[in-house]
Amino acid sequence: MAPLSKTLPLTETQSSTTSDDENNSSKKPSRKPELTRLTTFKSYNAASQARSATPTITWIGPSYTICGYDLEEIENTEEWWLGHIHPEDVEDLTSSYRQHLQPCPARPYHSEARLWSADYRFRRKDGTYLLVSERGTTIRDKNGFVTKLTSVIIDKTLQNRQRSAHRWKLEQRNYLATVAENTPSGIYLMDNQGYVIYMNKAAELITGYTFEELSPYTFHASCHSCRPSGDIYPIGECPILLHQQANVSVQNHPEVFVHKDGHFYDVVFSISPIGDNYASGAMIEFRDVSEQRRMERERLDAILDNQQKSIVLKESQTHKEALANFVAFLAHESRNPLQGITASAEFLLDSMKELELLTERLSTLNRLSTAQQDGKTAKLWNLKLDDNSPVNGESQHLTQTISDIAVNLKKGLRNAQEYITNIQTCGDHQAVIINNTLDLSRLDAGKVEPFLEVIDVLALGHQTISMMTARAKSKAIKLSLPSNGRSSLYLKVDPTMLTQVLLNLLSNALKFTPHGGKITLSLKTDKGDSGSSSTILHGAVTDNGPGLTTEEKGRLFKRFSQANAQVAQNYGGSGLGLNISKELCLVMGGQMNVDSTKGNGSTFSFTISAGVPTEEELSHFLEQQSSCADSTKTVQRNVADGHATASITGNSSNIPTIQAPSFDVIGVAEDNPINLKYLCKVLISLGYTPIPYTNGADLVAHYKSTSISPFNAIVTDLSMPVMGGLEATKLIREAEVAADSGHSPIPIIALSGNSLTEQVAKAFEVGVSDYLLKPAKKLDLMNTLKYWEGVVHREEEHQPMGETLRKIVSGSRGET
């Protein structure tokens, strides 16, 4: 018969009986004779499903008592062992053995993977057969292959006699039966060698084993042989055995057992001897306390959580008070522009009614003048005019009346223009409040990350100053950026974040600098090593405003806080701009500080970590600048950094210079009727034909109803009833793929109030071509449509118009 080592691998759960046990036998209770067979598998070839070497067998223990052979007479081979098994038992034994040797990678700690047993007749040296019981435990490697099998061979007949005697003794006494079978705790009785001789129902329920399944093994091998980490739990370290050997009892000792199905569970156990000492065995009572431990952990976690919350609550009391003040202030600031919008709208409506009345009167007077010229004065003299009209039948007053009406018309138009300007200003103020709130949210969530690109920092500084020039001129303030002999400063920074910091600092300086004052912006870098790949950019904004006290400087960068209580009343603002700017500097690896003395102005300085572009990066940047030399780029920041878009407008640097065929029909989906009407009017004024829809479902239905797209482009809101813009875009893109027309996908321009980066990225993931943030102005819509007319004409890959949006698209695609 071929060696069983040609089949497959095995785990160890129990150490063998040592010679020390035999030497100390006079001090301990007698044990049943046990012969240990230790089989070691050196290696296993997974590809060929065969072992590379014959396993080594080591025999330990009283071999003569079991086999009739001395240890020196036993060969350390499988052939010798198999050759002494009764012929009628060999086939069943080898089949069971081979099956157990199969690899078990999925469940290495399951009882079937750890335990093996067999009863067979063994031929002793004198030729007689002894019925033996072999019980083995295995060790497997990380792949589930068996590396070692440790088995114990005992005299089955003697074991049965001894167990029968134990059971008869218990049945005669019957002092545990009633209690044991009705207690919720698990109870098992163990003989002095660790074998289970009794289990109650609770013990079977907790361990997963029946008594018949567990009795051939020691309890340690079955339920206590490995730790939750997967490491072997040597029997020499087993607390149950140690207490038994020390002849001491223990109560409620914590431990971890392994269930029959392989999962671990917490228990507490108590052990006491049967009788006066452990010579007759031991009784172990144990309870599964996994649920109690879980509840205790949850209770402790809750206590810790409450303690932490209590600490945070105490530490944040000042913050909460400031937050409450800010909420009140934010509500006030929000209502201010709303009040302005509402009042201006009412005045505008009244002005329009007055203009309409004046127009009617002017028309009547014009008819009267014409009638006089035609000699029909008498016929029209009976026309009923307004009682307040100076036309009282005297034609000489007609010219003066027309002149008065013209003056009133001009006055009414000026008033209407003023009201419209007020509405626009209030809307811009609302956008600032929303952007600051969104900036704050993203900074708190840690979702603001810099996008580094090569830019001319000095050019960016001049561009930022130009954006503030109009405000500066209104107060006759001089804005300047000294060049210090340099015409350019090329660095790798996040231009959007840097622009926001500069705008916040300049806006703050303009707010507090008096009429005719002076504001200076400076930008420079550390000299450093010429070959370094990074440097520090130093920036500062200096003004000759009122300055700050030490106490005011301490409050300056705190969230929801301003220098003093009168600042918000006198100058307005949310108290967030400087805090956001400082946190943006931190995100860019820098810091922000203020140097100010009351009455002597202030200097707000900052540092950020900047990269030094390589020659290749700088050359590429200069080539891009050269290709755009005839067009002026103006970065118009629609939202704060980290939000949706920074669109490029101006002389249409992203719009093709070659005249592309114009779009004709534009599908427009918007659930708000006012916004839908406004969009359609804007598109008509731009020369397009809009087809309006109040939800995405109607838009998609019309699109699918024709074999050729009924639109040249689509402008859609993302949040609508019935079907939103995201789902509509997804369905249209799926329809395009199914049609497989080979044509470029239809441009779909999202129009939304959602400005967080993840929201924008999600829109591009479903197929949106470009993204405009509400409120979108006519110029934004015009430039975007012109840009996409060029993309479609040249059949280019769809890329959004704004540089920031392109970064978001690249990030969502995993590009670098």
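**Notes on the predicted model**

1. Cysteine 226 is buried, at 3% relative accessibility (buried means under 20% relative accessible area, with a 1.4 Å probe and protein chains only). Cysteine 680 is likewise buried, with a relative accessible area of 13%. The number of disulfides is zero, a disulfide being a pair of cysteine sulfur atoms within 2.5 Å.

2. This is a predicted model, in which local features need pLDDT of at least 70 and side-chain atom pairs count only at pLDDT 80 or more, while totals for chains, interfaces and linings use all residues. Residues are numbered from 1 along each chain as its sequence is written, and side-chain values use heavy atoms, without hydrogens and water.

3. The largest nonpolar core has 43 residues, of which Leu498 and Phe606 touch the most other members. Such a core is a set of buried Ala, Val, Leu, Ile, Met, Phe, Trp, Tyr and Cys residues joined through side-chain atoms within 4.5 Å. Helix α17 gives the largest share of this core, nine residues; helices (H or I) are DSSP runs of at least four residues, and strands (E) of at least two, numbered from the N terminus.

4. Beyond its neighbours within four places in sequence, leucine 498 has contacts (heavy atoms within 4.5 Å) that include Val457, Leu537 and Phe606.

5. In the helix pair, Leu726, Thr729, Lys730 and Arg733 of α24 meet Lys762, Ala763 and Val766 of α25.

Notes:
Buried means under 20% relative accessible area, exposed over 50%, partly exposed in between (1.4 Å probe, protein chains only).
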